[in-house]
Amino acid sequence: MNIHSFLADDDQQSKQYKYVVNNTNKAQEYRKNDRSESTLGDSYLRSFALKSAQQGDYTEAIALLTQLISRHPHNAVDYNNRGLIYFQSGEVQKAFCDYNTALKLNPNLASAYNNRANYYAACGELAAALADYDQAIDFNPYHVRAWINRGITWRDLGQYEEAIEDFEIALLFGQREGHIWAERGRTYHLWGDWNCAIADYRRALTQLPSLDNSKDITGYRLRLQLENWLNELLSDQRPSW
């Protein structure tokens with residue numbers, strides 16, 4: 001399962017989320033009275049789009065980003081963000097169109113290449129996905145998600161050595177280690193190196209959110225998947241009598 005970036009890099013996304021929490025009551029009061037452009041500025045719209053998407057209200061998030069696009073029709077980032085929410089909500093063709101529009105407006109937007117690559121990977125077009133991940137990394141060599149996603153795609157192609165190399169490079173950035181260890185462990189698992197797989201799975205479990213904490217949805221789902229992988233591996237190692 002590919003990891004999809006959302007709206008902003010991790011640090012910026014965290015700052016946006018804190019901003020939303022601190023201003024929710026005030027902004028909601030504004031929205032009750034008036035949703036005009038003069039009342040709700042661009043920063044409010046982007047913040048509420050993020051919050052709505054995090055809460056699973058994709059319809060609201062898309063509506064807010066559509067409003068932003070109507071204000072700023074040449075803003076590639078807003079198209080890319082709306083495309084990502086379309087993708088998360090299952091409207092993949094609309095997502096693909098928005099990614100293409102974003103890249104026409106800004107051919108150097110690394111996150112749009114990563115997101116479009118995720119679309120290609122989900123459709124089974126792995127060669128096209130690799131090409132877009134390459135572009136994302138060329139434009140932003142520090143794009144951790146692109147390194148992880150390209151590693152997953154190499155693994156799907158059975159190119160385990162290339163996958164491991166991408167995961168090891170991703171680890172150098174000191175971000176999302178739990179996700180990377182989980183995906184590298186899965187690669188070792190499929191490659192037949194069970195000792196390395198178990199070691200990576202156990203490292204990942206120290207970083208991923210616990211099952212009683214579902215705020216990090218991506219991490220929560222990966223932990224569930226990881227525990228299944230680990231149980232599968234350990235059960236295969238138990239002797240049968």
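So, α6 passes α8 in a left-handed crossing, left-handed meaning that the near helix is turned anticlockwise from the far one by less than a right angle, with clockwise being right-handed. Helix α8 covers residues 144-156, and its axis comes within 10 Å of that of α6, at roughly 20°. The axes here are lines fitted to C-alpha atoms over the stretch in contact, with angles running from 0 to 180 degrees between N-to-C directions. That makes α6 roughly parallel to α8, the cut-off for roughly parallel being under 35 degrees.

Who touches whom? On the α6 side we have Asn114, Asn118 and Ala121, and on the α8 side Arg145, Ala146, Asn149 and Thr153; contact means heavy atoms within 4.5 Å. By class, the contact of α6 with α8 comes out as 2 nonpolar, 4 polar and 1 charged. For those classes, Ala, Val, Leu, Ile, Met, Phe, Trp, Tyr, Cys and Pro are nonpolar, Asp, Glu, Lys and Arg are charged, and the others, Gly among them, are polar.

Quick word on what you're looking at: it's a predicted model, where local features need pLDDT of at least 70, side-chain atom pairs need 80 or more, and totals for chains, interfaces and linings use all residues. Numbering starts from 1 along each chain as its sequence is written, and side-chain values use heavy atoms, leaving out hydrogens and water.

Now the other partner, α4. Helix α4, residues 76-88, packs on helix α6, residues 110-122, at about 25°, with the axes 10 Å apart. That makes α4 roughly parallel to α6, and their crossing is left-handed. From α4, Asn80, Leu84 and Phe87 meet Ser111, Ala112, Asn115, Asn118, Tyr119 and Ala122 of α6. This one has 5 nonpolar, 4 polar and no charged residues.

Staying in α4, have a look at aspartate 78. Is aspartate 78 buried or exposed? Buried, with a relative accessible area of 0%; the cut-offs are under 20% for buried, over 50% for exposed and partly exposed in between, using a 1.4 Å probe and protein chains only. Beyond its neighbours within four places in sequence, aspartate 78 contacts Arg46, Leu65, Leu68 and Ile69.

Back on the aromatic side, Phe96, Tyr119 and Tyr120 form one cluster, and the whole structure has 7 aromatic pairs, meaning Phe, Tyr or Trp rings (six-membered ring for Trp) with centres within 6.5 Å.

Last, the overall picture: 12 helices and 0 strands, as DSSP runs of at least four residues (H or I) and at least two (E). Of the 241 residues, 46% count as buried.

Note on methods: Rings of Phe, Tyr and Trp (its six-membered ring) pair if their centres lie within 6.5 Å; planes under 30 degrees apart count as stacked, over 60 as edge-to-face and the rest as tilted. Angles under 35 degrees count as roughly parallel, over 145 as roughly antiparallel, 65 to 115 as roughly perpendicular and the rest as oblique.
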